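Here is a friendly walk through one protein model and its ligands. Have the structure open as you read, and we will go from confidence to ligands to helix packing.

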Amino acid sequence: MPSPLCLKGGTRMELFAPVNKVIPFSLVDGPGSRCSVFLQGCNIACAYCHNPETQNLCEECGLCVEQCPAGALYREGRHVRWNKDACVQCDTCIHVCPHKASPKIEWLTPSEVFAIVHSYQPFIRGITVSGGECMLHAHWMRELFALCREAGLGTLIDSNGCVPFEGHNDLLDVADGVMLDVKAWDEGTFAQLTSGDVRVVKRNLALLAERDKIEELRIVVVPGWNDPEATIAGIADVLDEKLAQTKLKLIRFRRFGVVGTLANADSPTDERMGELEALAREAGFGQVELR
Ligand code: SF4
Ligand code: SF4
């Protein structure tokens with residue numbers, strides 16, 4: 001694994017980030033057709049995570065190397081390497097990994113990712129960087145967004161809200177906006193659901209509202225686990241007059257891909273989602289969408 005900050009070409013400092021995958025065209029990661037870049041590694045662990053294999057960086061235990069049916073994984077010293085060309089995408093490595101990690105990542109610079117994104121430019125409106133948690137690579141993202149902006153592409157951040165945006169004005173200067181998760185409002189509920197600290201999310205919410213950088217807010221409705229009414233009321237209180245220009249997405253919990261405690265949990269009913277939609281509209285959100 002390269003150091004996140006390395007000398008490249010002998011002269012210029014370049015950053016690297018662990019890229020899990022790049023989806024060329026996505027219609028669900030912001031407005032229009034977008035190229036979505038997913039980074040590996042997260043700073044929290046949601047009970048309803050649909051991609052648990054993106055939570056951690058590989059610990060190089062080597063367990064998946066012997067299980068790979070295509071010989072696409074190998075050791076180089078103590079490191080586990082992935083041969084992308086030999087991989088048949090069977091995901092055996094993901095299933096056997098005990099660390100919620102993936103060996104199928106590439107450490108790439110902003111210029112390398114921009115080159116990929118740029119190749120799709122005639123067909124996309126912009127780029128969305130997601131995770132894991134992409135704010136763990138804020139400086140890297142700033143470089144990438146600056147390149148995208150220069151090329152005329154839109155730039156969105158998809159964040160769990162648990163990394164402070166404070167001190168990242170340079171990133172926000174080149175980002176069109178942030179799609180921010182607000183997973184619960186009560187501190188204990190949030191910690192139980194995610195292992196994170198909701199006070200960071202609340203500070204981010206206020207900061208992003210002040211800078212007019214909220215693209216959309218998202219609440220996943222998990223029956224018996226979070227507090228959507230309190231979350232809607234809490235957000236309304238923080239955003240105040242900005243509420244009318246804010247889009248809220250209410251997302252139904254679905255068990256697909258979920259492991260652990262919520263693997264067999266039920267989705268909320270249509271009636272429950274309808275009630276929450278009405279409540280959010282009544283609270284004053286400019287736009288409310290159910291998903
Ligand atoms: S998905 Fe994993 S196990 Fe399957 S071929 Fe690729 S590297 Fe090997
Ligand atoms: S991906 Fe998981 S199983 Fe494979 S070497 Fe890394 S930590 Fe071990």
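For the protein chain, the mean pLDDT is 94, and 96% of its residues reach 70 or more.

A word on conventions. This is a predicted model, in which local features need pLDDT of at least 70 and side-chain atom pairs count only at pLDDT 80 or more, while totals for chains, interfaces and linings use all residues. Residues are numbered from 1 along each chain as its sequence is written, chains are lettered from A and ligands numbered from 1 in the order in which they are written, and side-chain values use heavy atoms, with hydrogens and water left out.

Let us turn to the ligands. Around ligand 1 there are 14 residues, and those that come nearest are Cys-68, Cys-87, Cys-90, Asp-91 and Cys-93; to be near, a residue needs one of its heavy atoms within 4 Å. This shell divides into 10 nonpolar, two polar and two charged residues. In this scheme Ala, Val, Leu, Ile, Met, Phe, Trp, Tyr, Cys and Pro count as nonpolar, Asp, Glu, Lys and Arg as charged, and the others, Gly among them, as polar. Ligand 2 is surrounded by 13 residues, with Cys-58, Cys-61, Gly-62, Cys-64 and Cys-97 the closest. Its shell has eight nonpolar, three polar and two charged residues.

Now for the helices, which are DSSP runs (H or I, at least four residues) numbered from the N terminus. Helix H3 (residues 110-119) packs against helix H4 (residues 138-150) at an angle of about 40°, their axes 9 Å apart. Axes here are lines fitted to C-alpha atoms over the stretch in contact, and angles run from 0 to 180 degrees between N-to-C directions. H3 and H4 are therefore oblique to each other, since angles under 35 degrees count as roughly parallel, over 145 as roughly antiparallel, 65 to 115 as roughly perpendicular and the rest as oblique. On the H3 side, the contact is made by Pro-110, Ser-111, Val-113 and Phe-114, and on the H4 side by Trp-140, Glu-143, Leu-144, Leu-147 and Cys-148. By class, these are seven nonpolar, one polar and one charged.

Further along, helix H7 (residues 198-210) and helix H8 (residues 228-239) pack at about 45°, with axes 10 Å apart. That makes H7 oblique to H8. Leu-205, Ala-206 and Ala-209 of H7 meet Ile-235, Val-238 and Leu-239 of H8, a contact with six nonpolar, no polar and no charged residues.

Technical notes. Helices (H or I, at least four residues) and strands (E, at least two) are DSSP runs, numbered from the N terminus. Contact means heavy atoms within 4.5 Å. pLDDT is the predictor's confidence in each residue, from 0 to 100.
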